[in-house]
Structure formats: structure tokens, C-alpha cells
Amino acid sequence: MSPPTPPFTDEHEELRKSIRGFLERELAPHAQEWEEQRWFPNELFPRLAAQGLLGLKYPLQYGGQGGDYLHEAVLCEEMARIGSGGTAAGIGAHVNIATPPIWKFGSEEQKQRFLAPAIRGEKIGALGITEPGAGSDVASLRTRAEPTEGGFLVSGEKTYITNGVRADFIVTAVKSTPAGGHDGISFLIIERGEGVASAKLEKLGWHASDTATIAFEEVFVPEQNLLGPLHQGFKLIMANFQWERLAMALGAVGAMQLAWERTAAFARERHAFGRPLSGHQAIRHKLVDLASSAYACRCVTYDALRRFVAGEEPIGEVTMAKLLTQRAAFELMDACLQIHGGAGYMREYWVERAARDARLGPIGGGSDEIMREILSRSLGL
């Protein structure tokens, strides 16, 4: 069954073929190696940049491709073809959450100093919002920025930061008034240097990505690194949430489609009791259910994407897409592992890694519980 193509055009499908070929040829063969090393090489960023993949939606004047969110959406889907959730996460964090605030709210000088080299793959970015005591409750941030001559002194701690070890700059939410809260948060672009220390965290999945706790100890940040208006950082946080969650939904449906294709092929080839696994009704029907789930998730996600690129404010639709796809992706991976039997539990099989990688979906980018709270408000409950 062919996936629904709207809102994509022939141009986007040609881009899809190009991206898929590059990822399957250049990155996928190294997926297991990078997982075992708990790292993917930084050289990947300039290699991706050479293909134009770090700036699909960014203007030509900063080295981007002059495209839009639909071009980026194709990349989000196809990243599953790498076969390493950690590698996809590290690249995605750079493209989808670290650089967009600079593009949207940065001064021209900041765009030239951070966005342009990020698009070229010369500087790697991370977004620093989550703290040990403040995850989804972003108004309770405790990392503080004290005014000083020529800038700010930043002290505090961020955690669960993707690219937190390798990042050259961290787009960081800080408490800029004593009270903090919605009207006391600012964003600073903090460059790697004195007073910035990272500690890598071990995770259930996404092994190739560097997820870290970052400590800031009296770090001097020059005034020109203030991103957007002082004390108005909460608006910056909210501004990219819809795209971040859409990107996660797109990544999930891409991963679901790939997992289904591989599992269906396995079921056709593997024999039990004198026939292929797919010849047994229980397995055949399970595969049908999984195909239906993948298709439904794609339709819901594409509907939200259409509304987003049309300039609507589809908070409800994006939230539903994020909520539906992340849990469904994990359940689909678990079912695919079951179909593989004992082999699926072995590290040598892709599905073992896929099942672990998918578990973060219902947590990251806003947990299922937070998504339901957002939806309850939008539904007037």
C-alpha cells in the first residue's frame, strides 16, 4: 500500500529519493557501529551540510536551501532510514530545535555567527531547557542569569540535553528575574568554554546520541548573545513547540513504515510449520493491524502538517499527532519484535534497537500526560 502523498509534491518526492539514497548508502551501514561506540562522528554534520540537509528550510543568504517546512518534513521522515535513533536524534536536535530559535528571533549578527556555520556543519547546536527539577514545567526554571558589565553571569544545570557533549553552542533558557516565571525567562546563546561542563548520561535507547547534563558555573555570556527580548524567553520556548512535536510525529511514522516493511519481509521469508510466517493467520492479521496503525498515524500527522504549513495554529491537531504516533510507534516496534521471536531480542537484529529507541517518544518533546492536558484545554474540558 502506497502511503498518502499530500501535502507533498513531485518535487518533495524527488527530494525524498535523494535523501533516502544518501542515508541508506552513507549512514545506515554504520548504525550498529555507532550504537556500540555510544557516539556518531562529528564529521557527519559537514557531510550532511554538503548535501544541503542542514538548511533545507533556511534562507539562501545563510547558506540554506531556501525551502520550507515541507522540505524539512521529508528529512524528518527519512531519518528513520539511518537505523540509529541516536544518530537521527543528534542531527534532528541540531536542525529542528537548536537552530530554529536563532532563525526566528536572532539578530543579523547572531544569524551570521551561529546559524550560518550551523548550516555549514561547522558549529553544532543544542537546546538547553530541561533541568533536574523542571521538565515540562518550564516556568520553574532555576538556572539564573545575573546582569554584569557587558552581559550576564550564568549558573545552574540543564539535563537530558541532546548534543550536550558535542555542542559548540547551547541555546539556553535562563531565569533572568528573581521571581522567574513566564515573565522572567530569557534565552542566551552560551558558547562552549570556561565554566561549561558536560557529563554524558547512559540511556535505554538512542545510544549513538550524546545526552548530557550541562553545568554552568559563573559563565560570562556577552550581551550580544541575548536571543530575543530580555525576560520574554517563554514566548521563544512556545514558538517552536509545534514544529518540534510535528517533527517527532513525522519521525515516528517514518520509523513505523520502515519497521513494517522489514517485518513483513521477514515474515514472508521465515518458515515455521511448513509455511512462511505470513502464511499463518495470526501473524498475517497482526501485520494487517500494524499496517493500519502506521497508515492512520501518517494520515493524522499529514493533516496536522498541512494545517501547520498553511499558517494555521493547529495546536490540537499537532498535539493529537504527537500523542497518537509516539505510543503507536512503540507498540508497533514491540509487535514487530514479537514477530521476530527470539531473534528479535538479540542485539544483532535491528528490531531490538528500534524497540528501545521508540520508548522515548511518549516522554520527549512533551510527555503523553502533558499532551492530554493540552488537548483537554483545547477541547474545553
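How many of the residues of helix H4 are buried?

## Helix H4

Ten of the ten residues in H4 (69–78) are buried, so the helix is mostly covered; buried means under 20% relative accessible area, exposed over 50%, and partly exposed in between, with a 1.4 Å probe and protein chains only. Helices here are DSSP runs of H or I with at least four residues, numbered from the N terminus.

At the start of H4, a side-chain oxygen of Asp-68 comes to within 3.0 Å of the backbone nitrogen of Leu-70.

## About the model

This is a predicted model, where local features need pLDDT of at least 70, side-chain atom pairs count only at pLDDT 80 or more, and totals for chains, interfaces and linings use all residues. Residues are numbered from 1 along each chain as its sequence is written, and side-chain values use heavy atoms, leaving out hydrogens and water.

## Thr-263 in H9

Thr-263 belongs to helix H9 (residues 241–269). Thr-263 counts as buried because its relative accessibility is 0%. Its side chain reaches the backbone oxygen of Ala-259 at 2.8 Å.

Setting aside neighbours within four places in sequence, Thr-263 is in contact (heavy atoms within 4.5 Å) with Leu-287, Cys-336, Ile-339, His-340 and Trp-350.

## Met-320 in H11

Over in helix H11 (residues 315–340) you'll find Met-320, which counts as partly exposed because its relative accessibility is 39%.

Methods. Helix = DSSP H or I, 4+ residues; strand = E, 2+ residues; numbered from the N terminus. Polar contact = N/O pair within 3.5 Å; in protein donor to acceptor, adjacent residues only side chain to side chain.
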